[in-house]
Amino acid sequence: MAFIYKSKWLTPTLAAISATAAISIYLLRSKLRDLEISLKSSLEKCAAERQGRIRAQQALRKALVQPKSDTMETTSYPMTPIAIIQSCFSTRNGTPRQPLLVPDAKACLIFDSARVPPASLEGLGEYSHCWIIYVFHLNTDLEKLWKDPSKSKFKAKVRVPRLKGGKMGVFATRSPHRPNPIGLTVAKVEAIHGNMVLLSGVDLVDGTPVLDVKPYLPYSDCIQGAALPKWVEDDNLLTAASVNFSDDFPSALAECWVIAEKTSLYASQNEFQSLIKQVLSWDIRSLSQRDRPHNSLYNARSSTVVDKTSDLDYWQAEEVACESDPVSLPSEDIIYHLILERLDVSYRIDCHGNVLVEKVTLSSNIPKNNRNRFNYKIWRDN
């Protein structure tokens, strides 16, 4: 009787459990169907949005490259500098014509923190060198080029230092005066600190706007057996025979260094003097200044001649010289000026290419927007 009683009690209980399980399964399946429908809808929505973005990007690219007329004039591509260069070269004059020619030439690449977070520089320090894409911001025709490109005419041929004034097509040279004033250079990565990169071997003038930075890859960027014209290989035309300093130069530099050190990338005046020697080991004068140093101003008080193209790059100095009337003057009678790290270095060079660095003074010819500078102390622990 007990077994029968238990069976009667278990039967409705099992039935209730089965009914509950069935209801739970039904509800679960219903929820799964709802989730599947919702997921499918979300995927379809994402796909539609993705297709919309793709179509919008395609339309934008088409609009950018679509010629406005039969003259093949296209719309511009907006670009904003992401960094600026704090360089040891205060002016264009003396800035090397190519990178790595002056190993001691230092610069600080300062990124705009509002546009480029410091995390963007992670990993760059593992490379020895980097490429820098920048703007030739000191070109005299820059404003006209950007405001009305259709009316801006660039010179198809430019004078080349190694051709002794001979001309070559602009695309066969590295002249800064180009249809689009964009430069490409390579520099050694010395250290990274926050949003700044310390570089050496630079050929960039102070205040240069930077558009992009890329790592240098030897396996792809170094082309073995690359061919180049014979005139490019000849370096003798551009080198100085010797560089020496006057007896009074060290004391003059020591006096100026008390102030210059506060904003300099160089830790000592000996380092700075080494920079001067490396820069002047290359003849930074224009061809006309070397062959017939006429482009000068006579100083009646001191009976000396002062070069008046010190703040021009080679290409501009050459054009100015060609428009001037030649005056026969011994080259050793001319005082040339080189501004490095806000210091004005004056020197002479004789007809044999021997350079004598005479004195150094604090320069007042410094752009106001470059007053705030970082000095060598920030890199001591990097």
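This is a predicted model: local features need pLDDT of at least 70, side-chain atom pairs count only at pLDDT 80 or more; totals for chains, interfaces and linings use all residues.
Biologist: How far apart are the end C-alpha atoms of helix H5, and what span should its residues give?

Modeller: Helix H5 covers residues 249-260, which makes 12 residues. At 1.5 Å a residue, these should span 16 Å.

Biologist: Within what arc do the buried residues of H5 fall, seen down its axis?

Modeller: The buried residues of H5 are Phe-249, Ala-252, Leu-253, Cys-256, Trp-257 and Ala-260. They line one face of the helix, because the view down the axis of H5 places them within an arc of 135°.

Biologist: Which residues are exposed on the other side of H5, and which elements are among those that cover its buried residues?

Modeller: On the other side of H5, the exposed residues are Glu-255 and Val-258. The cover over the buried residues includes helix H6 (269-280) as well as strands E9 (242-245), E13 (343-349) and E14 (354-362).

Biologist: Which residue in E8 is the bridge partner of Cys-130?

Modeller: Strand E3 (residues 129-135) pairs with strand E8 (residues 209-215) in the antiparallel sense, over 5 bridges. In E8, the bridge partner of Cys-130 is Pro-215.

Biologist: Is Leu-100 buried, partly exposed or exposed?

Modeller: Leu-100 belongs to the loop between strand E1 (83-87) and strand E2 (106-111). Its phi is near 70°, a positive value in a residue other than glycine. With a relative accessible area of 40%, Leu-100 is partly exposed.

Biologist: Is Glu-341 buried or exposed?

Modeller: Glu-341 is located in the loop between strand E12 (334-340) and E13. Phi of Glu-341 is near 50°, a positive value in a residue other than glycine. The relative accessible area of Glu-341 is 2%, and buried means under 20%, so Glu-341 is buried.

Biologist: How many disulfides does a search of the whole structure find?

Modeller: A disulfide is a covalent bond between the sulfur atoms of two cysteines. The cysteines of the model include Cys-88, buried at 0% relative accessibility, and Cys-351, exposed with a relative accessible area of 62%. For the whole structure, the number of disulfides found is 0.

Conventions. Residues are numbered from 1 along each chain as its sequence is written. Side-chain values use heavy atoms; hydrogens and water are left out. Helices (H or I, at least four residues) and strands (E, at least two) are DSSP runs, numbered from the N terminus. The expected span of a helix is 1.5 Å times one less than its number of residues. Buried means under 20% relative accessible area, exposed over 50%, partly exposed in between (1.4 Å probe, protein chains only). The arc is that of the directions from the helix axis to the C-beta atoms. Contact means heavy atoms within 4.5 Å. Two strands pair if DSSP finds at least two bridges between them. A disulfide is a pair of cysteine sulfur atoms within 2.5 Å.
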